[in-house]
Amino acid sequence: NNHRALAFLAHPATSASPPRHSGATMGAGASAAPAGPIPTTKEEALAAGFSEEQVDAFMTDLEEYKTVCADYFKALDQDHNGQLDIDEIKLLFTVSGCPPPVVEMMASQAMQMADTNNDGVVSLEEFVTQFSNTTIASGGSISEAT
């Protein structure tokens, strides 16, 4: 359901979210999470000091997370061109009930943060990266976001 996906993106902590993977998260049982971006390969995670078991569970969660993000991206991509423009980003905030002046401001900020190559659109890769960074920065985990 596109509206459920859009509502989840706008308010991930309060909206009904898709089922979570039952495996452990990368940080489960770890004394501290690594600094910097989350590891995206097994080698990076092992080098960061996580156990083989934690890494395997995390990599499973990461693949599921990417699939969920792709579904949300498709829900926003109204013209089905594989990119999100500013109007499609505005849709996220409009559907979440933000007043028009807030929609403009939030969409502009979201575009500025997510469009890392400054081409005026957000690719799926940029979307996944920004959403994972936002999730981790807010104290969440990939399992909590999916």
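Residues 24 or more positions apart make up 56% of the contacts (heavy atoms within 4.5 Å) with a separation of 6 or more in the protein chain. The model is predicted: local features need pLDDT of at least 70, side-chain atom pairs count only at pLDDT 80 or more, and totals for chains, interfaces and linings use all residues. Residues are numbered from 1 along each chain as its sequence is written, and side-chain values use heavy atoms, with hydrogens and water left out.

**Overall architecture**
- The protein chain has 7 helices and 2 strands, taken as DSSP runs (helices H or I, at least four residues; strands E, at least two) numbered from the N terminus.
- From the N terminus on, these elements follow the order α-α-α-β-α-α-β-α-α.

**Helix H5**
- Helix H5 covers residues 100-114, 15 residues in all.
- The buried residues of H5 are Val103, Ala107, Met111 and Ala114.
- Seen down the axis of H5, these residues fall within an arc of 80° (from the directions of the C-beta atoms), so they line one face of the helix.
- The face turned away from the buried side carries Pro101 and Gln112, which are exposed (over 50% relative accessible area).

**Aspartate 115**
- Aspartate 115 lies in the loop between H5 and strand E2 (122-123).
- Leaving aside neighbours within four places in sequence, aspartate 115 is in contact with Gly120, Val121, Val122 and Glu126.

How values were computed:
Expected span 1.5 Å × (residues − 1). Buried < 20%, exposed > 50% of the residue type's maximum accessible area, 1.4 Å probe, protein only.
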